[in-house]
Amino acid sequence: MTDGPAQGASHGPDSVLTRGTVVIDVDACKGCDLCIGACPPGVLVMTTHEVNARGYRFPLLLGGCTGCRACSQICPDFVFQVYKYEIPIQVPVG
Amino acid sequence: MKERETRRVIPTDAPPTAPARLVEDFTPDLIDVGAHHLCPGCGEPIAIRSVMEAVAELDLVRRTIAVFGIGCYTAFSNNLDVEVLQALHGRAPSVATGVKRARPDAIVITVQGDGDMVSEGLQEVLHTAARGENVTCIMLNNGVFGETGGHMTATTVLGQRTKTSLEGRDAVTHGRPILLADLVARLDGAAFVARCAVNSAGNVARTKKVILRALQTQASGAGFSLVEILTMCPTGWFVETAEAPDYLADSLATVHTGGVLKDFLATSPTSPSTTVP
Amino acid sequence: MSIPVRTAPARRLLQGSEAIAEAMIAAGCRFFAGYPMTPFTEVLEHMARRLPEVGGVCMNAESELEAVGMAWGAAATGTPAATGSTGQGLSLMQESLAEITLARLPLVVLNMARAQGDYWQATRGGGHGDYRHIVLAPIDVAEAVELVQLAFHLTATWRNPVLVFGDYYLAHTARSVDIKSMHFGPPPATDWALTGETGGTGQAKLVSFLGSAKQRDDVGYDLAVHYAACAQHTARMLGEVTPMLDTGMTQDAEVVVVAFGTPGSYVRAAVRSLRDEGVRVGWARPVTLVPFPSSALAGALQGAKAVAVYENNTGQMVDDVRLAVLGAVPVEFIGGVSLDSSGFGIAPDLDVAVLRRRILEVVDRHR
């Protein structure tokens, strides 16, 4: 599971082109990690210490999401809502 | 909180402020509740989601009656917004037959596990397929009886460790797995038979495609359709949730191989239109 | 001189199996599934021929399990449905019958039994758990035509399976009968039935033996609640369905002979024959085996010195007779297993001379 942001098409070393984003229903998550491996640009990372109301670790989103819906498709717990920006944005990284 | 700040995490607790369109909601409309109590990493909700999306996509919601077998997935029998008839372990195909014969205009699907369909109910699915009943049977195949705690079924693969094959399934002691989709494809009454998996986003997309095809087959009256969906069961497989997709690919999927085994609509010379009447 | 015009006779000479099939159709049955087994087979044959003629469906299932499954599915759509077999076949159906009852579905089930050893299977239910079926036991083809129609009415009213207990004699006796449609008033609403149409409305219907509540916010099935509700419903059904008892010559009888089903006509004949000789005997015949007509039976047996129970088994209904009288009158079992060599239930005992002798023995013992 990747720990840092993937290098997508970027304007420079400190930002990444981001085409989409997600809303994460943190308390619905059961910490299964499937989304981490399923995400093609690898922009999902699990928390290491923080847990949700049910005691599970949950995913965090980094810059570079493409709105491909892989996470929502693979998630067994319906944790994700996926959005695609009308115009891709630059997201600072690092 | 500290963790999120140091890693430059994008806030994900609310929809974006920049103009964006929603491309996937939490659940499809037909799945009523967000929380279920299946294990972390279970593949069954992923498969159920695909089925519901396919039903909605083909605009079959107001015609569908889903007949559920007994297994972990039974948890979904009372939280889907389609009409549901609960059947006994292994017995959904005969019940589905009764529904379809009494209401030929309904789109009748079954949702069954491998233990349900291939162990307890092998006779039922084979006869239903042989008769060419215009129903769609969907098998969630994880190679174990999940709900009872992870025991060997008729589809468990050689070498697979379960609570009733602790050293791994052995051909001499336990016999060999039944490859149901292959068995059903040989029956003339079966019009569409496919096997797929939900261990990757790509496979989930393929799964949805074959479910759509199966439903179209039913709607066209061409005969029996079966979709066998390999699902993860990290609990029953004794593997970490994150390793289950690879385990599926390396074990179950090498025996129960993916693909479309039979597609009457594609091969029939006088194939009816594939659009849903 | 004018010759009076006769209307065509409504009565036809029909074998019991055919009469039962016609009665089912007259009652509105439009789905039947079965597996051939003696002496049920001819009912399936007649339904296979007749149901398509009235727009119904008859399935020759590949096993009894699949037959009851198909009937289950059809019943869930609100289609009046039935299945049947003989005792052995019904044994195979028991899990499904138990759960169909918990799913609150109407279904008529025929046991064309071999002899009468299935009394416990029918009345106690051979399946798991706490459920009850209404059980009707016709004495002959004419009564079967009525009871089959009553069965469809009761099952629709109570949304609970109703079993009709027949046998080899009933199936293979020919009798002149008039298959008159009985009218029970407007049929109850079937708004619970599945059609697919409530999908996507937020109120999609559910027919399940695990419960009827759709899950909302983490609340799944609650079997405790569901089973309690089913138990309440069963109690109400057993309390409100009219038990039926047929009796004859019981008022001054010293010995009353109790029997159910087709042996009832032999017992009746034996009793009449003994009465002609001045022996004070009478007969009583439960028509509803569930609910068992306990108080009517106790009333009919009140003045008697003894009760003799004839049934073609090792003694099953006799228990219910004993429970009905609760020690007030001695109860003797004069039945027993009596079969042909194939075990189909053609009983050598069903002979008025044999029954007379056994009844007289009871009379003698209680002078």
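Predicted model: local features only at pLDDT ≥ 70, side-chain atom pairs only at ≥ 80, totals over all residues.
Guide: Two strands count as paired if DSSP finds at least two bridges between them.

Visitor: What makes β3 and β13 of chain C edge strands?

Guide: Follow the order of the sheet, which is β3-β2-β4-β5-β7-β6-β13 in chain C. These seven strands form an open sheet with mixed pairing. β3 (57-60) and β13 (288-290) each have a single partner strand, so one side of each has no neighbour in the sheet. On average, neighbouring strands here are turned by 20° against each other, with direction ignored.

Visitor: Which strands of chain C does helix α2 lie across?

Guide: Helix α2(C), residues 41-50, lies across β2, β3, β4 and β5, and runs at about 135° to β3(C). Helix α6(C) also packs on the sheet and touches β5, β6 and β7 of chain C. The direction of α6(C) makes about 160° with that of β7(C).

Visitor: Why is N160(C) called buried?

Guide: A residue is buried if 20 or more other C-beta atoms lie within 10 Å of its own. N160(C) has 25 such neighbours, so it counts as buried. You will find N160(C) in the loop between α6 (141-158) and β7 (162-167) of chain C.

Visitor: Which residues does N160(C) touch, not counting residues up to four places away in sequence?

Guide: They are T101(C), H133(C), I134(C), T155(C) and M237(C). As for D130(C), 30 residues away along the chain, its C-alpha atom is 13 Å from that of N160(C).

Visitor: What describes the packing of α9 and α12 in chain C?

Guide: Two packed helices are described by the angle between their axes and the distance between the axes. For α9(C), residues 263-276, and α12(C), residues 352-365, the angle is about 65° and the axes are 9 Å apart. The crossing of α9(C) past α12(C) is right-handed.

Visitor: Which residues of α9(C) and α12(C) meet?

Guide: From α9(C) come Y266(C), V267(C), A269(C), A270(C), S273(C) and L274(C), and from α12(C) come V352(C), L355(C), R356(C) and I359(C). By class, this contact has eight nonpolar residues, one polar and one charged.

Visitor: How do you know that chain A and chain C do not touch?

Guide: Contact requires C-beta atoms within 7 Å. The model has two pairs of chains that touch, and chains A and C do not touch, with their nearest C-alpha atoms 11 Å apart. Of the touching pairs, chains B and C have the most contacts.

Visitor: What makes β3(B) and β9(C) a pair?

Guide: Two bridges link β3(B), residues 83-86, to β9(C), in the parallel sense. The requirement is at least two bridges, so the two strands pair. Within this pairing, L85(B) stands opposite V207(C).

Visitor: In what order do the eight strands of the open sheet with β9(C) run?

Guide: The order is β10(B)-β8(B)-β9(B)-β5(B)-β4(B)-β2(B)-β3(B)-β9(C), with mixed pairing. β10(B), residues 259-263, and β9(C), residues 206-207, are the edge strands, each pairing on one side only.

Visitor: How many residues of chain B are in contact with chain A?

Guide: There are 36 of them, in contact with 43 residues of chain A. The elements of chain B that each supply at least two residues to this side are α1, β1, α2 and α8. β1(B) gives the largest share, five residues. By class, the side of chain B that touches chain A has 21 nonpolar, seven polar and eight charged residues.

Visitor: What makes β4(A) and β1(B) a pair?

Guide: Four bridges join β4(A), residues 80-92, to β1(B), and the strands run antiparallel. At least two bridges are needed, so the pair qualifies.

Visitor: What elements make up chain A?

Guide: Two helices and four strands, arranged as β-α-β-β-α-β from the N terminus on. Of the 94 residues in chain A, 49% count as buried.

Visitor: What scores does the predictor give the complex?

Guide: The complex has an ipTM of 0.94 and a pTM of 0.94. Chain C averages a pLDDT of 95, and 96% of the residues score at least 70.

Definitions and conventions: Residues numbered from 1 in each chain as written. Chains lettered and ligands numbered in written order. Nonpolar A, V, L, I, M, F, W, Y, C, P; charged D, E, K, R; others polar. Buried ≥ 20, exposed ≤ 12 C-beta atoms within 10 Å, placed from the backbone. Axes fitted to C-alpha atoms, helices over the stretch in contact; angles between N-to-C directions. Left-handed = near helix turned anticlockwise from the far one by under 90°. pLDDT = per-residue confidence, 0-100.
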